[in-house]
Amino acid sequence: MARIGRLSTKGSVLLLCDIQEKFRPTIFQFTNIVSNAARLLQACRILSIPQILTEQYPKGLGPTVPELGAEGLKPHTKTSFSMLTESVESALKSLGDPQQVILCGIEAQACIACTTYDLVERGMEVHIVADAVSSRSQTDRLFALSRLKQSGAFLTTTEGVLLQLVHDAKHPNFKEIQKLLAHPSPDTGLLAFFSSL
C-alpha cells in the first residue's frame, strides 16, 4: 500500500534543527519561522509527542533562541549537517524508533536536506513543515523544498500538522490545539514555491 503521509501522535517525533541566535539576522523570514516552530513545539508537548533539538556548532552560532520556548530540552550539539548524530540516533532508539518525523528548522538546503536524506534512506516518513523551515536565501529555500519533495518527503504546514495530529474536534486535546490556531500562521513567502510548480 502506498504511503499517504497521514500523521499520527503514535510513533512520531518532532525534530527541531539549529534554530540559533547567530542565524537571526541572516535567515529569510526568521521571526515567522521561529514563531511557527514554537507552535509545533507547544502542540507536541500538549500531545505528548517527543521532541529532539540540535544546535550546530553552538560555540560559533550561539544557543537556541529563547522565543522557541525549548527550555527543558537538552540540545544535541553537532558539526555535521545531518541531525542524525550518534546522540540523536541513541535518543531515537530510546523512544522506540519512531517512524514518522516532523522536521523544522534551519537551513533548508543544508541541515534540513541532509537530515531528510538520512531519514528517508532509513525508511522513515519525513514531514517537512515548509512554513517552519528556511535558509539565508529564498532561492535556496524553495529549491531545497522542491528537491526534498522529489526525494520522498512530505511537505506540509504548521496548521496542517496540528490539525492532522488531532484528526477530530472530539479529540481530548482539541481545545488546547485550537488555541494555538487562533491566529493564522504568518506568511513566510511560500506562494513563490507553488507558482513555480
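**Entry 1**

I began with Phe81, which lies in the loop between E3 and H3. I take helices (H or I, at least four residues) and strands (E, at least two) as DSSP runs, numbered from the N terminus. The model is a predicted one, so I note that local features need pLDDT of at least 70 and side-chain atom pairs count only at pLDDT 80 or more, while totals for chains, interfaces and linings use all residues. Residues are numbered from 1 along each chain as its sequence is written, and side-chain values use heavy atoms, with hydrogens and water left out.

I then listed what Phe81 touches, not counting residues up to four places away in sequence: Gln56, Ala110, Cys111, Cys114 and Thr115. Contact here means heavy atoms within 4.5 Å. Phe81 and Thr115 are 34 residues apart along the chain, and their C-alpha atoms are separated by 7.2 Å.

Thr115 sits in helix H4. I found Thr115 buried, with a relative accessible area of 0%. With its neighbours within four places in sequence left aside, Thr115 is in contact with Leu15, Phe81, Ser82, Met83 and Leu103.

**Entry 2. Strand E1**

I looked up the partners of E1 next. E1 pairs with E4 in the parallel sense over six bridges, and Val13 stands opposite Val101 in E4. Two strands pair if DSSP finds at least two bridges between them. E1 also runs parallel to E2, with four bridges joining them. In E2, Leu53 is the bridge partner of Leu16, and Leu15 stands opposite Ile52.

**Entry 3. Strand E2**

How many residues of E2 are buried? I counted six of the six residues of strand E2 (residues 51-56) as buried, so this strand is largely enclosed by the rest of the structure. Gln51, Leu53 and Glu55 lie on one side, with Ile52, Thr54 and Gln56 on the other, and all are buried.

E2 pairs in the parallel sense with strand E3 (residues 76-78) over three bridges. The bridge partner of Glu55 in E3 is Thr77. I also recorded that E1, H1 and E2 make a right-handed β-α-β unit. A crossover is right-handed if, with the strands pointing away from the viewer, the path from the first strand over the helix to the second runs clockwise.

**Entry 4. Backbone geometry**

Most residues other than glycine have a negative phi, and most peptide bonds are trans. I looked for departures from this.

Asp18 is not a glycine, yet has a positive phi of about 55 degrees. Asp18 is in the loop between strand E1 (12-17) and helix H1 (30-46), and counts as buried at 0% relative accessibility.

Asp97 also has a positive phi, near 55 degrees. Asp97 is in the loop between helix H3 (86-94) and E4, and is partly exposed, with a relative accessible area of 41%.

A cis peptide bond joins Ile106 and Glu107, with omega about -15 degrees. Glu107 is in the loop between strand E4 (100-106) and helix H4 (108-121).

**Entry 5. The whole chain**

I counted eight helices and six strands in the protein chain. Along the sequence they follow the pattern β-α-β-α-β-α-β-α-β-α-β-α-α-α. The radius of gyration is 15 Å, close to the 16 Å that the globule rule gives for 197 residues, so the chain is as compact as a globular protein of that length. The radius is taken over C-alpha atoms, and the rule is 2.2 Å times the number of residues to the power 0.38.

Of the 197 residues, 50% count as buried. Among contacts between residues at least 6 apart in sequence, 80% join residues at least 24 apart.

Methods. Buried means under 20% relative accessible area, exposed over 50%, partly exposed in between (1.4 Å probe, protein chains only).
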